[in-house]
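Colleague: Can we go through the aromatic rings in this one? Keep it short.

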Amino acid sequence: MKRWMRGLVAGVIAAGASAVLVAAGPVKVDAKLTEYKASQGVAGTIKSVGSDTMNNVMAHWNESFQKFYPGVKIEVEGKGSSTAPPALIQGQSQFGPMSREMKSSEIDEFEKKYGYKPTKLRVGIDALAVFVNKDNPLSEISLDQLKKVFSVAGPDMTWGELGVTDAKYKDQKVVLYGRNSASGTYQYFKEHALGKQDYKSTVKEQPGSSAVVQAVGTDTLGMGYSGIGYATADTKMLKVSTHGEKSVTPAYETALSGEYPLARFLYVYVNFDPTKALEPLRAEFIRFMYSKQGQEDVVKDGYFPVPEGVAKADLKTVGLSK
């Protein structure tokens, strides 16, 4: 079982609940999640610095939260997951959204200053998708092929070498699009798809997840990787296989089951002093993220909601209960 899936199962079991079961059709949030209701004494400014992948989610949370608290000011900066740890350490933000876990070096730097570790909140689930243009005949790819296509471990690849027989594509080289090194998505894809091999120098780095998908949508020879929430009508997501197993479509069911090999949690890190209670503003924003409305915003942006067991377990890590 993959590490991220072990974390999901552990969180659910620890909470004494089972994962939400999803029928075919639109993704729905766990019915056990709490309906959010406004509280008293909530005011101030929220600053979020971190993941570009989570920009839209943070924007929706902010918009929804301000309906309960119109006087709260919210600022979001999403230039990449690597910007979250230093912003938290320097006190420049209250929330650090990340599409990867913090590195041990980042955690050590935080602990060196505060004497305790940053708190990790699992706020959503993403299936990191491999995109091609909607007119491209390719429908699936293996992790071994992805490693050859994107990393220095393989030669420049043609579409024919990936199994495409269409004369329009067969002898054409795959045009690669990706993120820059500040991105958690860049780091996650490098570790889990490329076996930690470096990227080819020919990968065209884009400023954000949306830009990657947009580039592939206008380039019939293009291939890129991005969070599933950025899918567009001009692109399609490839099924992905690993170690000779069947190809799997990125979807909620396959993410929860662990079948899809590039599924991951989306995180928000906070500076929580375990000897003190959270102030009302941060406490209520965290409660909102894990509420029915907050997880509906996650779904609205094309990502997948966390089960009630994960919400309950992570709320406890910051001294909050449902």
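Modeller: One term to start with: buried means under 20% relative accessible area. Note also that this is a predicted model.

Colleague: Fine. Are Phe 265 and Tyr 267 buried or exposed?
Modeller: Phe 265 and Tyr 267 are both buried.

Colleague: And why is that pair called tilted?
Modeller: The planes of Phe 265 and Tyr 267 are at 55°, so the pair counts as tilted. Their ring centres are 6.2 Å apart.

Colleague: What lies over the face of Phe 265?
Modeller: Arg 122 does, at 5.4 Å from the ring centre.

Colleague: Which ring has Arg 264 over its face?
Modeller: That is Tyr 188, with Arg 264 at 5.5 Å from the ring centre.

Colleague: Back to the pairs. How many aromatic pairs does the structure hold?
Modeller: There are 21. One of them is Tyr 36 with Phe 68, an edge-to-face pair with 5.0 Å centre to centre and 80° between the planes.

Colleague: Where do Tyr 36 and Phe 68 sit in the chain?
Modeller: Tyr 36 is in the loop between α1 (3-14) and β1 (45-49), while Phe 68 belongs to helix α2 (residues 55-68). They are 32 residues apart, and the pair links distant parts of the chain.

Colleague: What about the accessible area of Tyr 36?
Modeller: Tyr 36 has a relative accessible area of 6%, so it is buried. Phe 68 is at 29%, which means partly exposed.

Colleague: Which residues do ring pairs link into a cluster?
Modeller: Tyr 36, Phe 65, Phe 68, Tyr 69, Phe 95, Phe 285 and Phe 288.

Note on methods:
Residues numbered from 1 in each chain as written. Predicted model: local features only at pLDDT ≥ 70, side-chain atom pairs only at ≥ 80, totals over all residues. Heavy atoms only, no water. Phe/Tyr/Trp six-rings, centres within 6.5 Å; stacked < 30°, edge-to-face > 60°. Helix = DSSP H or I, 4+ residues; strand = E, 2+ residues; numbered from the N terminus. Buried < 20%, exposed > 50% of the residue type's maximum accessible area, 1.4 Å probe, protein only. Lys NZ or Arg CZ within 6 Å of the ring centre and 35° of its normal.
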